[in-house]
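Here are a few friendly notes to read alongside the model. Please have the view open as you go through the points.

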Amino acid sequence: MSFQVRLKKVMEVGNLRVADLAKLFGRRHSTVRGWVVDGREPAGTAADIRELFARLSAIELCAKHWKAFAPRPRRQTILERLT
């Protein structure tokens, strides 16, 4: 599954926006928008890319199990747990 597909799925499951993902990844909005909308793959050193994929995995896990964390809305719960 591509990085773009995984991002779009976590956005749907977690009710997240591109701005939310930019905050969670610590990247500029335009960079994350390029990943989501244009299908660009992350660039950088191997360590940078591993870190991005690890962060995406954490976001996916949190989005999948958001109900277990708190009785708040999905988006708010995910942002609070991961920032």
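1. Of the contacts between residues at least 6 apart in sequence, 57% join residues at least 24 apart; contact here means heavy atoms within 4.5 Å.

2. A word on where this comes from: the model is predicted, local features need pLDDT of at least 70, side-chain atom pairs count only at pLDDT 80 or more, and totals for chains, interfaces and linings use all residues. Residues are numbered from 1 along each chain as its sequence is written, and side-chain values use heavy atoms, with hydrogens and water left out.

3. The protein has six helices and zero strands, where helices (H or I, at least four residues) and strands (E, at least two) are DSSP runs numbered from the N terminus. Its C-alpha atoms fill a box of roughly 35 × 25 × 25 Å along the principal axes.

4. Buried residues account for 36% of the 83 residues; buried means under 20% relative accessible area, with a 1.4 Å probe and protein chains only. Ile78 is one to look at: this residue of helix H6 (residues 74-82) is buried, with a relative accessible area of 0%.

5. Which residues touch Ile78, leaving aside its neighbours within four places in sequence? They are Gly14, Leu16, Leu24, Cys62, Ala63 and Trp66. Gly34, by comparison, lies 44 residues from Ile78 in sequence and 22 Å away in space, C-alpha to C-alpha.

6. Ile78 also takes part where H1 and H6 meet: Glu12, Val13 and Gly14 in H1 face Arg74, Arg75 and Ile78 in H6. The residues of this contact divide into two nonpolar, one polar and three charged, with Val and Ile counting as nonpolar, Glu and Arg as charged, and Gly as polar.

Methods: Buried means under 20% relative accessible area, exposed over 50%, partly exposed in between (1.4 Å probe, protein chains only).
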